[in-house]
Amino acid sequence: MASILVINDDPVQLHLLASWLEKDYFAVNRFVCSEDAWRWLQEGNVPDAIVLDLHMPGISGWRFCELLHSFFGSTQAVPPVLAVSATYTGIDAHDILKDLGASAFLTLPTEPQRFRQQVRELVENPPSPQRPHVWMVSTHKSESQRIHHIFGERGWQVVEWQAGKQVQVAVNLVLPDIVLIDHPLSDMTSEEFVVWCKVQYPQAMCIVLGQESTAGGYPPHAIHADAYLPIACDPLHIISLCEKGRWERALSRVEHLLDIRTDDLRESEAQFKELFETLPDVLVIYDLQGKITHVNSLGAQQLGYLPSVLNGKAFSLIRPEPSSAEYSPTIPSSSPGGARWEESVLRQKNGSNLPVEMMEREVQFLGQRQTLFIGRDLTARKRMEEENIALEHQLRQVQKMEAIGRLASGVAHDMNNTLTAIMAHASLFKIQEKTDTPLWAAGDVIEKAVRHGKELTSQLLGYARQGKHHDVTVDTHDVIQEVMTLLGRTIHKMITFRVDLSATKPYVLGDPNQLYQILMNLGVNACDAMGERGELLVQTSNETVTQDYASRIPGLHAGDYVVIRVTDTGTGMSLETQPHIFEPFFTTKGRGQGTGMGLAMVYGIVKNHRGYIGVTSSPGCGTTMSVYLPDARCASLKATPVQTTKLSHGTGHIVVVDDEKDVGEAAQAILEFLGYQVTVVLNGKEALKICRNLTVPVDVVLLDMVMPEMSGATCFEELRAIRPDLKVILCTGYDRNHAVQDLLNQGVVGFIQKPYDVDELAHVCQVVLRNDNPVQICSTERVS
């Protein structure tokens, strides 16, 4: 069984290399200390191969190679040496080791298979000792032969030359290790040849052999040579000098290589220290006793300390034992190095807690096993998480409002259908009876109740964003002045009003009636919040909302806005109340003092105008309502209000299309009372069937907007395809919205909103039948 000597001062590497060799059944002798290994060799132990680490305390690997050759060289062959190193790498280290007598070199870490194969090759096929190559340039033949003979006995490879220029013109030469130069040469001075050799073969040792004695030092012609000897000296002295010179040159190169590696290590250490100190994390190294041995500058700064203050202190000063109030563990995440991250807190100098994501791992520091603590500040991330939670809450609130809006819209539509039948018959009662009869009085009461219900459904539709009647350019300053004038006449005299109309472009595109309702509701609410004393401030400005700002506020979009702010000095609202103020029927007023629909309607109208409304308030500090309305890009003609005319009768065939039978019959009763021929159908398909029969004259179709199976819009398209000149009046329980406007743009000639009375239906039918190309809208709303 072959014996292998393994020397490595790193116990882990030593165990790893030895265990690899033992798998190949080598007898492995392990030494952590190179001095112990040298004593083992001096006791007479001769291994078949040596695995030697270069960088070791005491006897280094370089020095160990030198000792091996001096110890074995005179008596027996030196065991083959495999040098390994994680510090020295590259061709320089490999060449120097050859000079020192090492057989092979491997850089660590290396593959196990490669290492085992290298050792097996050294044991099974030990390399022949490397013999120096010697050049002799001499004209003294007898002396050359004497020296050549002695060199040959030692196995040195000798090549003889008669002249210097003969060497200079030769090609394919084996590089020399030693050059012996006769003085004088036949064709040039020995000094010239030495200089040439030093340029061409800088690693070769040049020795000048001359006639002069060396008692007075080197003669002038040998000042560039490595040595000068008399030509008649003992050849063994030349050999000794050559071997000594080779070792000295090799060790000199080792020292140079070591200097380079040391400089690299210092530079790497400086870079690491700079990186360590400037990392924004809290980096702390503490020993087994819990004492801080080092902390980075930025980390100490985050904790409010100077690094010098923390060094030497107990680690528990900045990381106390976690308690339930200070520490909420999360599911730890694994890092590539096997360490685990978890959330914790560090105690700052001022006593407050710094939330961190931390991990710990063992490190070697100052020659001892210590612990590295890494703490990453989570303050910004925690703040972002809180902002995200707030944004999610706002988004859920917006979604809830949207859902409530859809519900309110459907309720208002169904209520308007029901109110239509009641309103129609009540108005017929009043028309058919004298004003002093009980039946007329009953009809009047019913009609007033229906109109009150209509106001409620109108507010619901406003909240549901179904009520934008007009799309005109509106000067918000005019609307504000009108509202403030009205409030000034009706609100308590101890409340003062102030306006700051700073918007240079106060124009928005929308419905002036609804903008009036927005400001009136906000003004009334502000005055109610102040009671009998306070100040109401209305401000306007032009503001541009950036995409970044809009992304943090759900419901607000980037663009240019006219911003109206209504500020009061009232009681204010709590944070718990603010999310609910736009919900239908929500009110903080006493019983019987409010319906809870005012701000809900404001919210719906603002949204329908593609705007945004926000609130800023706190208890005892008043409230500011901010309304963002997109500014008007272009002007449009203002709507002309429809004036209600005197009730008139008419003639013609009107087809009423409504899926609610009661509504259809109510319309039929009014129209037949007015003198029209009426056909009632419950869906669009029946209406199409009548109109396809071209022998049946149809003057007007009163078409419901929302119906099952076939919508009013689809029915209108089919009717226009059958009878292009047919006049269609659109009727719906919704307010006039964008869908209604689209149909008006496509050719619908009239619009009437449910519930309607006899006067309203009579007027719209009269105008439609008398005009060839009318666009008639029946509305009793305020228009300005």
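Student: What makes Asp414, Glu660, Asp662 and Glu665 a negative surface patch?

Tutor: Asp and Glu count as negative. A patch takes residues with over 30% relative accessible area and no salt bridge, and joins like charges within 9 Å. In this predicted model, these four residues form such a patch. Take glutamate 660: its relative accessibility is 34%. That is over the 30% cut-off.

Student: Why is glutamate 660 called partly exposed?

Tutor: Exposed needs over 50%, and buried needs under 20%. Glutamate 660 has 34%, so it is partly exposed. It sits in the loop between β24 (653-657) and α18 (661-673).

Student: What makes aspartate 36 and arginine 39 a salt bridge?

Tutor: The cut-off is 4 Å between side-chain nitrogen and carboxyl oxygen. Here the closest N and O atoms are 2.3 Å apart. That meets the definition, so the pair counts. Both residues lie in helix α2 (residues 34-42), separated by about one helical turn.

Student: How do you know that arginine 376 and aspartate 281 form a salt bridge?

Tutor: Their N to O distance is 3.4 Å. The limit is 4 Å, so the pair qualifies. This bridge links distant parts of the chain, 95 residues apart.

Student: Why is aspartate 281 called buried?

Tutor: Its relative accessible area is 11%. Arginine 376, at 34%, is partly exposed.

Definitions and conventions:
Residues numbered from 1 in each chain as written. Predicted model: local features only at pLDDT ≥ 70, side-chain atom pairs only at ≥ 80, totals over all residues. Heavy atoms only, no water. Patch = residues over 30% accessible without salt bridge, like charges linked within 9 Å, V, L, I, M, F, W, Y side chains within 5 Å. Areas by Shrake-Rupley, 256 points an atom, 1.4 Å probe, with all protein chains shown as cover. Charge placed at Lys NZ, Arg CZ, Asp CG, Glu CD. Helix = DSSP H or I, 4+ residues; strand = E, 2+ residues; numbered from the N terminus. Buried < 20%, exposed > 50% of the residue type's maximum accessible area, 1.4 Å probe, protein only.
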